[in-house]
Amino acid sequence: MAYTEDDLKEELKSKEYEFGFTTDIESDKISIGLTEDTIRLISEKKNEPDWLLAYRLKAFNVWQAMHEPEWAHVKYNKPDFQAISYYAAPKQKKVLESLDEVDPELRKTMEKLGISLEEQKRLSGVAVDFVMDSVSVATSFKEKLGELGIIFCSFGEAVQNHPDLIKKYMGSVVPMTDNFYAALNSAVFTDGSFCYIPKGVRCPMELSTYFRINESGTGQFERTLVVADKGSYCSYLEGCTAPQRDENQLHAAVVELIALDDAEIKYSTVQNWYPGDDKGIGGVFNFVTKRGLCEKNAKISWTQVETGSAVTWKYPSCILKGDNSIGEFYSVAVTNNFQQADTGTKMLHIGKNTRSTIISKGISAGKSQNSYRGLVKIGKNAQNARNFSQCDSLLMSDRCGAHTFPYIECDNPTAKVEHEATTSKIGEDQIFYCLQRGIDEEKAIGLIVNGYAKEVLNKLPMEFAVEAQKLLEISLEGSVG
Amino acid sequence: MLRINDLHASIEGKKILNGITLEVNAGEIHAIMGPNGSGKSTLASVIAGKEEYEIESGEILFNNEELTELKPEERAREGVFLAFQYPVEIPGVSNINFLRTALNEKRAHQGLDPMAAKEFLALVKEKAALVQLDDKLKNRSVNEGFSGGEKKRNEIFQMAMLNPKLAVLDETDSGLDIDALRIVAHGVNTLKSAENATIVVTHYQRLLDYIVPDFVHVLYNGKIVKTGSKELALELEEKGYDWIKQELGEEIQA
């Protein structure tokens, strides 16, 4: 039976931030502050090899010499990096044989999130690597993937079991010197996910990771590394929810994708972190560096639906290094109340005949500020490069802002770059039309907004598309004005 | 079914309706005619519950219930349908999904379960045939990229799907060629029953050749100044509205 919009509405009855609960699990948390000792402690707790500790310490030195960037169109109180605890792991020493051994409290949390693992197991083809605070507690489908030679595990496990792959690829797309937050992450990251698809293998299921910030006052520094070897394919889902908190929480992740010759990676994100309340208090700071590298004939496709976080600063990008490689970016970013988002992409065309597509749909409501910032750079050797960008903004109130900052740098005369942008306000005539057909205002806004974002939502895998629709509607309830 | 008593309404302080009184019974078709700016579309919008209009006095009773106390969506669910003069485009929302949402809202209001997909699709097929709506248009975004004629046919298709008690057609004939006009009229006539009623708002007599009214009302300066049978429409066509104005002028002088 298909999931109808009515089912959806039924689920939407609770209007508050629906994942605003906290799991009561004993946590192994180190005291606040950041020094070389903190880094040594993290590394020691994770039982890491020396080379990784050296990498961290080097990154820490790089970070100390850097300044927090200020060019984004956002305003916030800078985090006090000495007031954050850099490591929190649920106390679960034992290695789990099966999902049944997972802490019942954790299981409950997962169920509330709608991703009970039993269900996930039954749902054909979704393997879940559930990250609670910083340590992975449950990984499913690993065996099935193992038969195909696919590695899908926590970053920490990968460091222990596949050090050569980590050594080779970590930092190869986002170097520690890349930016302030990437450097910080490189120094203090606690865990994350690692995925490797061997040559010519088509991963038969969506690989899915749920991140969850749970421990009050802990920053999350995740690292994700996806390597698709020659001629392989995978689709990776990243979904995020966080419990309600009054203090700002920092999230500075690094995601690196590597698509070798003829490989394809599809990376989808639904982000629903706590955006703060309607007075602008609390909420997550989301400062993420996401970048993919395409070798010859490779393709990387980023799809994101962003509804959460108080401040978002994020530009999933593609380095189109190989000839004929393809980069895509599909984004819906919703801001409401006092949320601020400065998000977009970078498409760096280096190889010949490289192509990129950017579809960005911003939706601003309340007193929020929503900015698209994108760079399309055509290198001098990128013969016949093509780019198409479309940036649309939808305004839901007369106190919000939508901004577009497109940058185009073109060093090759054979390139073709197109940019289209529109700004519109949600129409009262559209709403009245729906009302006259018996559809109430909230549902009408849901319909109109989902219609507006459809081009992007269509790019998401089915289960995610449903969740994303839900999030759009929750985020915009009562926001027309 | 519908009883309007001495209705006065304004928009942004400007008085548009100056005491409309009108009674429409089940099984009847009423035509409302009148020159530009006489208040025809305002009357249609006020019945549907468009917010910008302020009701200053008077009442609109629908099945003995005060309509002005209901929100627009509640009126729709109770069976009031407005075929828009300018149907609105909703990009990205498929016509069929839109209708399904609307239909199920109405059913929920009536205490019915949502219609099963199979039943719904059969209904769509039947009703689309009524107005010869192109198959493609059913899955396209609501009214987006539709021609003028297609938009109007889509309105009647929606009306057929929602099966209202009272349908108000606001200048549904404007922008229609003669073939489309026939198709639309055929749809409206087929939907007519002893249980429902239709108000046709129009400038021209032409539509009334195909949708034959039981009563014709002439609206002028926000008031119904003349009511008659379908012959009144023919007379108007022949003599124009000036004739009414003159007649009215004489009345005032007398």
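**Two chains of a predicted model**

Chain A has an average pLDDT of 79, and 77% of its residues score at least 70; pLDDT is the predictor's confidence in each residue, from 0 to 100. The model is predicted: local features need pLDDT of at least 70, side-chain atom pairs count only at pLDDT 80 or more, and totals for chains, interfaces and linings use all residues. Residues are numbered from 1 along each chain as its sequence is written, while chains are lettered from A and ligands numbered from 1 in the order in which they are written.

Trainee: Over which residues of chain A is the pLDDT below 50, with twelve contacts beyond near neighbours in sequence?

Mentor: Two residues are in contact if their C-beta atoms, placed from the backbone, lie within 7 Å. A stretch with twelve such contacts beyond near neighbours in sequence and pLDDT below 50 is residues 8-18 of chain A.

Trainee: Why is helix α9 of chain A largely enclosed by the rest of the structure?

Mentor: Helices (H or I, at least four residues) and strands (E, at least two) are DSSP runs, numbered from the N terminus. A residue is buried if 20 or more other C-beta atoms lie within 10 Å of its own, exposed if 12 or fewer, and partly exposed in between, with C-beta atoms placed from the backbone. What covers the buried residues of α9(A) includes α2 (36-45), α3 (50-64) and β8 (222-228) of chain A. Helix α9(A), residues 180-188, is largely enclosed because the buried residues number eight of the nine.

Trainee: Which helix supplies the largest share of the side of chain A that touches chain B?

Mentor: In this interface, 19 residues of chain A are in contact with 22 residues of chain B. Helices α1 (5-11), α10 (428-436) and α11 (441-452) of chain A each supply at least two residues of the touching side. The largest share, six residues, comes from α10(A).

Trainee: Which residue of β5(B) is the bridge partner of F62(B)?

Mentor: Strand β4(B), residues 53-62, pairs with β5(B) in the antiparallel sense over two bridges. In β5(B), the partner of F62(B) is E65(B).

Terms used
Two strands pair if DSSP finds at least two bridges between them.
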